[in-house]
Amino acid sequence: MTPEPMPLSQVGRSIPRLEASAKVTGRAEYVHNLRLPGMLYGKIFRSIVPHGRITQVNVSAARAVEGVHRVVTIEDIRSIIPNPYFGPAFHDQPILADHKVRFAGEPVAVVLAENYRVAEQAAGLITAQYEELQAVDDEVEAVSASVFVHDELKPASTFADLQHLKGQRGTNVALDYRLRHGDAEAAFAAADQVFEHSFRTQPVMHTPLEPFVSVADAANGRLTIHTASQSPSFVRIEIARLLGWAENRVRVKTAHLGGGFGSKLYIKLEALVAALSLLTGRPVKISLTMEEQFFMVTRHACTLKIKSAVDKNGRITARQCKTWWNGGAYADIGPRVTQKAGFTAAGPYDIENVALDSYAVYTNRPPASALRGFGAPQTAWAYETHTDLIAEALNIDKLEFRRRNILRNGRPQATGTVVRDTGLEAILDRLAERLAWDQPFDRGSDKLRRGRGIAIGFKAIVAPTTSAAIVKINADGSCTLYCGTVDMGQGSDTCMTQIAAEVLNIEAESIQVIHPDTDVTPYDMGTLGSRSTFHMGNAVRLAAEDAKSKIAALMAELNLPPGSNVPLVELFRRKYGMQAGNIIGTGSFHPAYAKPDHQTGRSPQVTPFWGVGGTGAEVEVDTETGQFRVTTLVNVVDAGVPINPKLVQQQISGAAIMQFGFTVSENMVFHEGQLTNGSLADYKIPGLLDLPRNFINEWVEARQHDGPFGAKGVGESATIALSPAIGNAIADAVGVRLTELPLTAESVYRAMQAAKGKPLPEQ
Amino acid sequence: MTSFELVEPRSLEETFALLDRDDPAVRPIAGGTALMLMMKSGLFSPLRLISLRRVEPRLAGIAFADGSVRIGAMTTFAALEHSPEIRRHLPVVTRTMRTLANPRVRNVATVGGNLAHADTHLDLPLVWIALGAQAVVVSPRGERIVAVEDLYRGYYETVLHHDELIAALHVPLRPTWRSVYVKVTTRTAHDWPALGIAVSLARDGSIIRDARIAVGAATKKATRLIQAETVLRGAAIDAAAVDDALLARAGDAAIGEISIEADSRGSASYKQHLLRVYLGRAVRAAAAAEPGA
Ligand SMILES: Cc1cc2nc3c(=O)[nH]c(=O)nc-3n(C[C@H](O)[C@H](O)[C@H](O)COP(=O)(O)OP(=O)(O)OC[C@H]3O[C@@H](n4cnc5c(N)ncnc54)[C@H](O)[C@@H]3O)c2cc1C
């Protein structure tokens, strides 16, 4: 139910971000700037072997450095937290390495010192000895390997679909998700044509420009954690669980975040600083360097196999997908990625028979987790390249082939959940229009060949999750919004005030937002997976409506006619005899959800809404070298009804630039379990000069019936289809298909040479 | 980063007294852009850094005399970039600046630090080699002249002793030569090059009278391509299009005389291929350029 539009509409205004001026004047609050009296600084000593038993850690030289307060290993942590293992899906990650290291870069010990420099210097004096174990690196090989990253699987109790894995030994598979829709086997047997392809994606990093930072302050039987976290409520729950404390003894506060993209979710440094502060009785801060971020969390490398049956009319009748997710040494939220991206792995197509298998696999690499798209960009890389290959083989126009098979509103997706309120078809239309798809295309010259490509994809939203918000009307009539959504640059503060302001019929800019502080702001599952505008937005809307109805009740109590223009401050004066009191509106939102059946993976209500994005690309390829430039990039997402059009556009362009890096340049290169390019000099994120000349970012409106004022989340949508669109454009230009990301000049050149029968030697 | 001593001597004599011929942990610091990165990553832990910022004017300034220009070691990239005389006499240097680092780095990085750092990925040393520049090296033992192409011993290694400083660079002015620098990147625009090539040609009508070519990034050190130059020297060219066969021979010669290294920017075989392609493109561009370019 959407309330009637207010006369002065706050929704739909492109108001500038509320925090913009604080940020550009250097006044915005970040945890990095926080210094508490008596605070100790921690520096982590890390493993240099990917897999091994720790036989000795020698900390005496570090301890002897002047200014070092203490050197801590897992034994010390255990005196505070007897079972020091954490994680959102599995309790598999030790706060510091526990007699075993599972990836090169894993924290083994921490030096605490009076200042950061001393801690860093002393950490450099620690030595460790390992009895090296064979390491598993590849996600497919790890499934059948005889080396196991963990002796036993330890799922957290929160996820019902992981419980069957409890206590399993002798496996590296942390989740085996399956979905069966129709009868794929029978359809393949009866098919006119069958197509099968394999794809791979590389490990990449979130690269928030603000590296991880957390401060813990244990005092008076309580623990306060200041942390750059996307999920303060989860941090509180997990820290309370580790300590065996009531949640109300733990306080988690955030400030502005300098980016997150999924990296700062669940627990990262928080358990470590909590234990260190409790150990020492002093505040403890750990802030990572940019280089250390590579060892915290990454995006899954994947191997994807996809097979389709197609009939004479160019309709896909069956699809089978197998996806292996390289989860690294600790599961983090990887099993959720495996499942969510698993069930959309067949793409946004209307296919009667679908069989999907998706495996979360442990390896001896840094942990992998959610990154802007929750696995959807990896699966789309496979299914949208595959889609082009099929259309090519059938000699059907690539846009037409997609239109013929696209999932339309009102039709069930592979899980059985009926798709509604999506802009899938409208996005295809818009891409066609922007690329002038029906017009002749300039194919360039022999030396500089041009091509174009399109792709479309979708994702489900993490479910079930809940958000709560409080709207407080102060005695002067001003409004304060308490909301646990973390503004990490996406502009959520601004968006939430617009929603509250729309309901209350006041100016959005006049509302103050209280940043996440678990002592003050109510529960929110986390700022992740494009969920905040929809979930928290609805909670804020409900809280504002609650406040509004309480204002109406107060008017009635004061015998004022409904809609009276008596100012709020006057209402409070009349009620209390002076400017006093307040009105508190609360709102809590929890969309409907039905748990998928474990055997079939099916559910009538698997996601609260769908995130949809399409990309069109034009490229120029230097045929002598394989170097290419994307000259036009069109990103179109389904934005519901935008609350703040400018912010929506920035989300689209930001997501696209990020995925552009994951497509053409970013790649964490491992050699025998060691990361070989762990710095921004060697791991290349795109800069402004790399952006296409024509960089077009747009949305189609597809009103989300139960979104706040018709809105839905858009933080990830533009990441989904970008890589295959560029790959498809390269193929269109030079006739070679790359199946592995990133798409580099060298990989294009190699493929061209191989196609000519003159392969470039490996070296 | 560990603690260290930072000193700012006022004269060369004072500087020499502070330098230590035997201790690599005592080093001069100019702009600090390279050194600080090495210190942050723990590759270098100095005991003492001797800042050259306040040393006498011998290390500063751009001066033209007798058909050459003397560029003081402490000249910043920004000063080179914005110098009208450099633009007039050595336009290839001005053009190269645009592809190099960013304004913040160019404001502090120096010509001397860039030469002494000996990172094969640096652009400017290749340009200096192609231009035939020489470094003026000073020490308590006096002064010696080292051609830039002879400055490098290996990966991050120069022929300088720990107590030697680069005081200046001498670049001959050759108004009839034409020069081109090509920075080849394979990932992002601001990446280190996968290959750098500088070409300087002297043309007599349709004859290449002389050629100087330097490559870097793909090799362990900035290297002059003597054999490729020999192929080109004396060759007849058509101003409109340099002959493919000639360029192919120059490419073969180049590949034969150097060893190419693989890294995250490309395999050795791909970089070899890039060298062939871009050597040809650079020679063509230089041949087609105006004299003095
Ligand atoms: C972000 C960034 C991007 C960059 N991009 C590029 C690029 O695109 N292309 C490129 O070519 N370079 C690039 N650079 C590198 C830059 O050119 C070098 O860092 C710079 O030239 C070094 O000069 P400096 O004065 O800062 O040297 P310093 O860091 O001060 O010193 C470097 C070395 O030289 C020694 N030294 C300094 N002066 C002297 C002297 N007079 N005599 C003897 N030894 C001396 C020092 O002891 C040290 O070993 C980049 C650097 C950064 C930080």
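**Entry 1: two domains of chain B.** I started with chain B and looked up how far apart two of its domains sit: the centres of domain 2 and domain 3 of chain B, taken over C-alpha atoms, are separated by 21 Å. Where they touch, domain 2 of chain B gives 20 residues to the contact and domain 3 of chain B gives 23 residues. I noted for myself that this is a predicted model. For the bounds I went to the domain assignment of chain B, which lists domain 1 as 5–49, domain 2 as 58–172 and domain 3 as 177–288.

**Entry 2: chain A as a whole.** Next I turned to chain A and asked what its secondary structure comes to. I found 18 helices and 29 strands. I then looked up the box that its C-alpha atoms fill, and along the principal axes it is roughly 85 × 75 × 50 Å. Does the radius of gyration speak for a compact globule or against one? For 763 residues a compact globule would come out near 27 Å, and chain A has 27 Å, so the two agree.

**Entry 3: helix α4 of chain A.** I picked out one helix, α4, which covers residues 116–123 of chain A. Which of its residues are buried? They are Val118(A), Ala119(A), Ala122(A) and Ala123(A). Looking down the axis of α4(A), I saw these buried residues fall within an arc of 130°, so they line one face of the helix. Their cover includes β1 (40–46), α2 (60–63), β3 (68–72) and β7 (107–113) of chain A. At the N-terminal end of α4(A) I found a cap, Asn115(A), with a side-chain oxygen 3.0 Å from the backbone nitrogen of Arg117(A).

**Entry 4: His51(A).** My last stop was a histidine in a loop. His51(A) sits between β1 and β2 (52–58) of chain A. Is it buried or exposed? His51(A) is buried, with a relative accessible area of 1%. Leaving aside neighbours within four places in sequence, I listed some of the contacts of His51(A), among them Lys100(A), Arg102(A), Glu132(A), Gln134(A), Phe148(A) and Asn364(A).

How values were computed: Residues are numbered from 1 along each chain as its sequence is written. Chains are lettered from A and ligands numbered from 1 in the order in which they are written. This is a predicted model: local features need pLDDT of at least 70, side-chain atom pairs count only at pLDDT 80 or more; totals for chains, interfaces and linings use all residues. Side-chain values use heavy atoms; hydrogens and water are left out. Buried means under 20% relative accessible area, exposed over 50%, partly exposed in between (1.4 Å probe, protein chains only). Helices (H or I, at least four residues) and strands (E, at least two) are DSSP runs, numbered from the N terminus. The arc is that of the directions from the helix axis to the C-beta atoms. Contact means heavy atoms within 4.5 Å. A polar contact is a pair of N or O atoms within 3.5 Å; within protein, one must be able to donate a hydrogen and the other to accept it, and residues adjacent in sequence count only if both atoms are side-chain atoms. The radius of gyration is taken over C-alpha atoms; the globule rule is 2.2 Å times the number of residues to the power 0.38. Domain bounds come from an automatic or database domain assignment.
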